[in-house]
Amino acid sequence: MTGSHHTFSLLLFAAFVAATLAITTWASRNRQGSAEEFYAGGRLFSPMENGFAIAGDYMSAASFLGVSGLIALFGYDGLLYLVGFLVAWLLVLLLVAELVRNCGRFTLADVVAARMRERPVRIAAGTSCVVVSLLYLVAQMVGAGSLVALLMGGSGEAARSWTVVGVGALMVVYVSLGGMRATTWIQIVKAVLLIGGAITLTVLVLARFHGDVDQLLRSAAARSGHGEAFLAPGLKYGGDWTARLDFISLGLALVLGTAGLPHILSRFYTVPTARAARRSAVWAIGLIGGFYLMTIVLGLGAAAVVGPDAVRESNAAGNTAVPLLALDLGGGADSTGGAVLFAVVAAVAFATILAVVAGVTLASSASVAHDLYASLRRRGTAPRGEVAVARAAAVGTGVAAIALGLLARDLNVAILVGLAFAVAASANLPALLYALFWRRFTTRGAVWSVYGGLVPAVALVLLSPVVSGSPDALFPGVDFQCFPLNNPGLVSVPLGFLAGWLGTVTSDEEPDEARHAETEVRSLTGAGAV
């Protein structure tokens, strides 16, 4: 693209950043500084607003950039991410949304510790939430780096590195100044932009093939170099039993992980009632489901129009498939239409990344301040001090995410998000479900279930082909891989549930029947909910 087209793209980026900073400034002026306002936006959002915000929080760079790239490269097997991402919401709707809203105040630990000794449970749950949030943030950072590197006309390391630093700085500003109110409105704006952009591209792809989906599928298969195998299972996950087990592991992590993601759970605290939380989930499912259907068309369109070879040449992991598709649909690299459409899609993708990192950073900051700091601080410390700690934690989270994002810049964002889902499903979900539904669950069981899922999940990731022992690994030059699967969910999720059960049955602590009854009534009826 020419220099003027680069300028136009950067102007769109700058316009969105300016708009989000304006929202942040407005939110900071309408905020009293209380913990409820900072963490939950005063619980004043309607179900529709929160549903759009949840969709904006959930439809990340992994969905828009990573999964569409995997579909363009691997066809049918790339769809498996979308199936897991969407089916997971049924679990959230049926088992989590209302109960979490009734039992908690700001974080996952509020629910798990409701009838336990709070200090050890909050430290364990807070630590787990920070780890999950960092993994999720790294994926967004990698997506931002890939996007701007493409925009600048190459894979220049300097452009990618400075982009990661810039995104980290912006997310710290959003969270520390605007809190949940600013984050929510940024996510709502982003959801509208993302769905609008996806609709536009989907219409253009279908128009290119005269509305004939069969022709789109055949063209994608022919251009892929794999023929009919492109449209059948097995291209990525069906080569041998290791690949098949990896697929099962990934599916388990995706389906179970959403209900344990801290930034998703925290969104249910921003509405006034449990009924509103459930309606928020229904809105989110509709928006997310429609978007994922369009993502399938975009991935196949990238395979048919751009071609997998061109996608790999631009970014080996496939993260730039959709922007390249937009460039071609608009008329090509040398046309004004192509450059404009590319710039719009790139700006929407950048908006996606900024909105998601704001939500995840806020959830991580809340875990540090409300769970870790609150458990360790001396009695009598003013609640306002907790909000100050949350703002400081946002800075620390930003620095850590920048460092890890620079390290992992060559990995596919969907694979990175899959790891975050695996850790959430292994460490957070067992403790959450046991706390809500098992009368005998004890403090030891809660702590063991968190660490019993968290430690194996992180350890298996470090010993997996994602980190070493393969050409696409984080450290391709070394090999200390001894776990064959890319995703640890198949092993770590059962270990999390087993550890929670084992910790409970071996504990000398007597379950508090009265507190369990109180929690059960509150979770089901909302009586006594904050």
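I take the expected span of a helix as 1.5 Å times one less than its number of residues. The model I am looking at is predicted.

**Entry: helix H12**
I looked up H12, which covers residues 274-306 and has 33 residues. I find that H12 reaches 46 Å from its first C-alpha to its last. That is close to the 48 Å expected at 1.5 Å a residue. I then checked what follows H12 and found Gly307. The phi of Gly307 is positive, near 95°.

**Entry: Val175**
I located Val175 in helix H8, residues 157-208. Is Val175 buried or exposed? Its relative accessible area is 0%, so I log Val175 as buried, the cut-off being under 20%. Which residues touch Val175, leaving aside neighbours within four places in sequence? I list Phe38, Ala358, Thr361, Leu362, Ser365 and Ala394. I also took a distance to Pro465: 290 residues apart in sequence, 34 Å apart in space, C-alpha to C-alpha.

**Entry: surface patch**
I found a nonpolar patch on the surface, formed by Leu404, Leu407, Val458, Leu462, Leu463, Phe475, Val478 and Phe480. Together they have about 610 Å² of accessible area. Helices H16 (383-407) and H18 (443-462) are the elements that give two or more residues to this patch. I picked out Leu404, which sits in H16. At 35% relative accessibility, I note Leu404 as partly exposed.

Technical notes: Residues numbered from 1 in each chain as written. Predicted model: local features only at pLDDT ≥ 70, side-chain atom pairs only at ≥ 80, totals over all residues. Heavy atoms only, no water. Helix = DSSP H or I, 4+ residues; strand = E, 2+ residues; numbered from the N terminus. Buried < 20%, exposed > 50% of the residue type's maximum accessible area, 1.4 Å probe, protein only. Contact = heavy atoms within 4.5 Å. Patch = residues over 30% accessible without salt bridge, like charges linked within 9 Å, V, L, I, M, F, W, Y side chains within 5 Å. Areas by Shrake-Rupley, 256 points an atom, 1.4 Å probe, with all protein chains shown as cover. Salt bridge = Lys/Arg side-chain N within 4 Å of Asp/Glu carboxyl O.
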